Amino acid sequence: MKAAVLHRPGAPLTVEDVDLDAPGPGEVTLRVLAAGVCHSDLHYMNGDLTARLPAVLGHEGAGVVEQVGEGVTRVRPGDTVVMLWRPRCGDCAFCTTGRPALCALGRVQAASGGLLDGTSRLTLNGEKIHHLMGVSCFAERCVVSERSVVVIDPDVPPEIAAITGCAVVTGAGTALNVMKDATGKGVVVIGAGGVGLSAVMGLRLVGADPIVAVDTVDARLDKALELGATHAVNARTHDLAEELARISPKAMAWAMDAVGTPQTLAQAIEVVGTGGTAVAVGLGKAGATVPVPINPLVQQEKRLIGSLYGSANTPVDIARLLDLFKAGRLPLDRLLGEPYELPAINEAYAALSRGATGRAVVVPHKKR
């Protein structure tokens, strides 16, 4: 099959002929229908985050089950699924209390560069190579654990299904699960990429007001306004604190950092008012830190919290988000950016680095 391989940080992805083994016990082979162009993969490409290399990248995808391994009970051939970059064992303390994003199995895959047993199903030129987060969907096919998929309605467009598996469940999931009491309260969303735009849509459902989108690219801010933001601020050309004072006499109750730099997280902490909460959602460079002013944190009872994968119960929340889409209440079709074929994947990431609007998708198989 064709797959996009990262050999070393700083190198472009190379689309190569990769051999894919049959699924092992508890695993399934998927024909990849669509894969989202997520900034997290770019972190691995430029070395901000580390993974075992060489590896086939891609962690946000949708596909159809082609083959199942021994003992598989959750899916069957022909099922349409969304892929999960954090598996759900169903048995640990986090899974049984509705917090599968924190399931310990995710760390197993991340550390080994393999699947749940720590081994790989990918071979390049006779040598084993690695999976990324147990998914590796920048490819025509992939083998994943049955615990890393959620079965969905096959009528959902594959591009919509793919982006729901990461950007949408992270952004809108954080709004619905973590910021659900933001109704009628002011919220700042820093970063209007796929996650930030998804958060804007989720906050609109929650009834937050005002919803202030912040970015440095005007086209992204225009998209945020289209998807439900009440105001937009270009942080490159305007002072955010001054703009927020103009927008509302009340301080912001919530701020989300969907970028993941020390500067943006510090800004999120700064802009929330007394009793406010800053939510860190975007991943940053490994080892990055942010200074937190102690006195305002104490005297104003501000809070700083993290949210991984939208703090979602993924089997439940992905179905809920897609139901909202089908009901016309979550316009995920308007979130989509440019489609790319697999050989053009480096073009997709170059566009993302330049500030492309919306969530681009890679379609590994040409439509007939």
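Is the crossing of α4 and α5 left-handed or right-handed? The crossing is right-handed, which means that the near helix is turned clockwise from the far one by less than a right angle.

## About the model

This is a predicted model, in which local features need pLDDT of at least 70, side-chain atom pairs count only at pLDDT 80 or more, and totals for chains, interfaces and linings use all residues. Residues are numbered from 1 along each chain as its sequence is written, and side-chain values use heavy atoms, with hydrogens and water left out.

## Helices α4 and α5

Helix α4 spans residues 158–177, and helix α5 spans residues 194–206. Helices here are DSSP runs (H or I, at least four residues), and strands are runs of E (at least two), numbered from the N terminus. The two axes come within 7 Å and cross at roughly 35°. Axes are lines fitted to C-alpha atoms, for helices over the stretch in contact, and angles run from 0 to 180 degrees between N-to-C directions.

Contact means heavy atoms within 4.5 Å. On the α4 side, the residues that meet α5 include Ala167, Gly171 and Leu176. Among their partners in α5 are Val195, Gly202 and Val206. The residues of this contact divide into 10 nonpolar, five polar and no charged. Ala, Val, Leu, Ile, Met, Phe, Trp, Tyr, Cys and Pro count as nonpolar, Asp, Glu, Lys and Arg as charged, and the others, Gly among them, as polar.

## Thr174

Thr174 lies in helix α4. Thr174 is buried, with a relative accessible area of 0%. Buried means under 20% relative accessible area, exposed over 50%, and partly exposed in between (1.4 Å probe, protein chains only). Leaving out residues up to four places away in sequence, Thr174 touches Val169, Met179, Met256, Val279, Val281, Ser307 and Gly310.

## Helix α3

Helix α3 covers residues 105–112, and its buried residues are Gly106, Gln109 and Ser112. Seen down the axis of α3, they fall within an arc of 150°, so they line one face of the helix. The arc is that of the directions from the helix axis to the C-beta atoms. Exposed Arg107 and Ala111 sit on the face turned away from the buried side. Strand β9 (127–131) is included in what covers the buried residues of α3. Just after α3, Gly113 takes a positive phi of about 70°.

## Nonpolar cores

The largest nonpolar core has 94 residues, and Leu30 and Phe138 have the most contacts inside it. Such a core is a set of buried Ala, Val, Leu, Ile, Met, Phe, Trp, Tyr and Cys residues joined through side-chain atoms within 4.5 Å. Helix α4 gives the most to this core, with 11 residues. A second, separate core of 16 residues includes Val188, Ala255, Leu265 and Ala278.
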